[in-house]
Amino acid sequence: MKAAVLHEPGSVSVEEVPEPSVGADEILVRVRAASICGTDLRIFKHGHFKIPAGQSRVLGHEVAGDVVAVGGQVTGFCPGMRVSVTPNVGCGRCDMCRHGFNNMCAGYEAFGISIDGGFQELLRVPGFALQRGNVFELPEKVSYAEAALVEPFSCCYTGQQALRVGPEDVVVIAGAGPIGAFHVLLGKLAGARKVIISNRSRPRLDLAARLGADVCVSVRERDLADVVREHTGGRGADVVITAVSDPQVQEQALDLLATHGRLNYFAGLGAAGTAVPVDTNKVHYKGLTLTGTTGSTNGDYGRCLRLVGDRRVDLSPVVGQVFELEMIHDAFAYASSGAGMKAMIAFGGDVFETAAGPGPHGAPPEGR
């Protein structure tokens, strides 16, 4: 079978590898869609502490496909079942896991990091991932592409749950990439009074507007703080979400908030991130709430999969370009460019297909 194998930072090659065998408590999934995450790009460029030097790894943790083989001890799954796989597998024993926060487990394993991920034709799912609830059957109306996107969408859902976004809120989203787009969808779903989104790239703002953003701000043309004051009568935003890894954005975010405003540092700055100063007097005297979230729980993933399955939200517009596995370098370049939206890897079929048949988008376009 074919797999895109990371041999060292900066070196990925598509090559023939042996098909994985399935143990008694495992399943094998034929991957149909796998989208590229910013984490994949960081690992490609800089490596990861869970991937020792000299150890090869298949990246990709936003994955959906079909079960093709089931171990003899496995129950609840069968060949032909359409499934998606969540990346972070908790240890199942620590306090975080016992409280349902598998994404915060210090001893986690993860697809595409410590376990081979989805940029390959066949994905082996270990028994411990099955037992800890990391495999989900897809609702009938959810396409493979959308199922792959539910993972980052659920991370955004976790962030907005921490902010308690509601119908009285003016929400500001800094960054209009895929993550910013998901936050627009969730803000509108929560009934936010107004959603303001900012970005440098105008095409991404145009998509945000189509997804429901009320105000789209090109920071090359307008100062975001001026726009927020204009649309809130000088009061400031109730909620601010930083959806871009930029220290200046994080520093400015505090100044955009109204009294009792809430802030989510959604996009991290990486291990070597620049320290961002925080004026604690503003936090104290304005009663501000600062939050940070990373990843999502399996519970939040399941809730988001139901939202998509019930057609309360459509994630398919966030797919920017579809690439075959052999074009993995082109896909990484597209995902790194900041020009488009989500890069999706396809495996010879229609990533927009649902249980009912081909999706409205038809066959995936060849990546260019």
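This is a predicted model: local features need pLDDT of at least 70, side-chain atom pairs count only at pLDDT 80 or more; totals for chains, interfaces and linings use all residues.
1. Salt bridges overall. The model holds 17 salt bridges. Three of the pairs are taken up below, together with a group of residues joined through shared partners.

2. Arginine 124 and glutamate 26. These two residues form a salt bridge in which the closest N and O atoms are 2.5 Å apart. Arginine 124 belongs to strand β9 (residues 122–125), while glutamate 26 sits in the loop between β2 (11–16) and β3 (27–35), so the bridge ties together parts of the chain that are 98 residues apart in sequence.

3. Aspartate 246 and arginine 200. Here the closest N and O atoms of the salt bridge are 3.7 Å apart, a value that is still within the 4 Å cut-off for such a pair. Both partners are loop residues, aspartate 246 lying between β14 (237–242) and α8 (247–253) and arginine 200 between β12 (194–199) and α6 (202–211), so that the pair ties together parts 46 residues apart in sequence. Aspartate 246 is buried, at a relative accessible area of 14%.

4. Aspartate 255 and lysine 282. The closest N and O atoms of this salt bridge are 2.2 Å apart. The pair links distant parts of the chain, 27 residues apart, with aspartate 255 in the loop between α8 and β15 (257–265) and lysine 282 in helix α9 (residues 280–286). Aspartate 255 counts as partly exposed at 44% relative accessibility, and lysine 282 is likewise partly exposed, with a relative accessible area of 31%.

5. The buried side of α1. In helix α1 (residues 38–46), the buried residues are Asp40, Leu41, Ile43 and Phe44. They cover an arc of only 165° around the helix axis, and this places them on the same side of α1. The buried residues of α1 pack against β1 (2–8), β2, β3 and α11 (328–337). After the helix comes glycine 47, with a positive phi near 80°.

6. The buried side of α11. The buried residues in this helix include Ile328, Ala331, Phe332 and Tyr334. They span an arc of only 160° around the axis, which puts them on the same side of α11. Among the elements that cover these buried residues are β1, β2, α1, β17 and β18 (342–346). Just after α11, glycine 338 takes a positive phi of about 75°.

7. How α1 and α11 cross. The axes of the two helices come within 10 Å and cross at roughly 115°, which makes α1 roughly perpendicular to α11. The crossing is left-handed. In the contact between them, Leu41, Phe44 and Lys45 of α1 meet Phe332, Ala335 and Ser336 of α11.

8. How α5 and α6 cross. The axes of helix α5 (residues 178–189) and α6 come within 9 Å and cross at roughly 20°, and the two helices are therefore roughly parallel to each other. The crossing of α5 and α6 is right-handed. On the α5 side the contact is made by Pro178, Ala181, Val184, Leu185 and Lys188, which meet Arg204, Ala208 and Leu211 in α6.

Note on methods. Residues are numbered from 1 along each chain as its sequence is written. Side-chain values use heavy atoms; hydrogens and water are left out. A salt bridge is a side-chain nitrogen of Lys or Arg within 4 Å of a carboxyl oxygen of Asp or Glu. Helices (H or I, at least four residues) and strands (E, at least two) are DSSP runs, numbered from the N terminus. Buried means under 20% relative accessible area, exposed over 50%, partly exposed in between (1.4 Å probe, protein chains only). The arc is that of the directions from the helix axis to the C-beta atoms. Contact means heavy atoms within 4.5 Å. Axes are lines fitted to C-alpha atoms, for helices over the stretch in contact, and angles run from 0 to 180 degrees between N-to-C directions. Angles under 35 degrees count as roughly parallel, over 145 as roughly antiparallel, 65 to 115 as roughly perpendicular and the rest as oblique. A crossing is left-handed if the near helix is turned anticlockwise from the far one by less than a right angle, and right-handed if clockwise.
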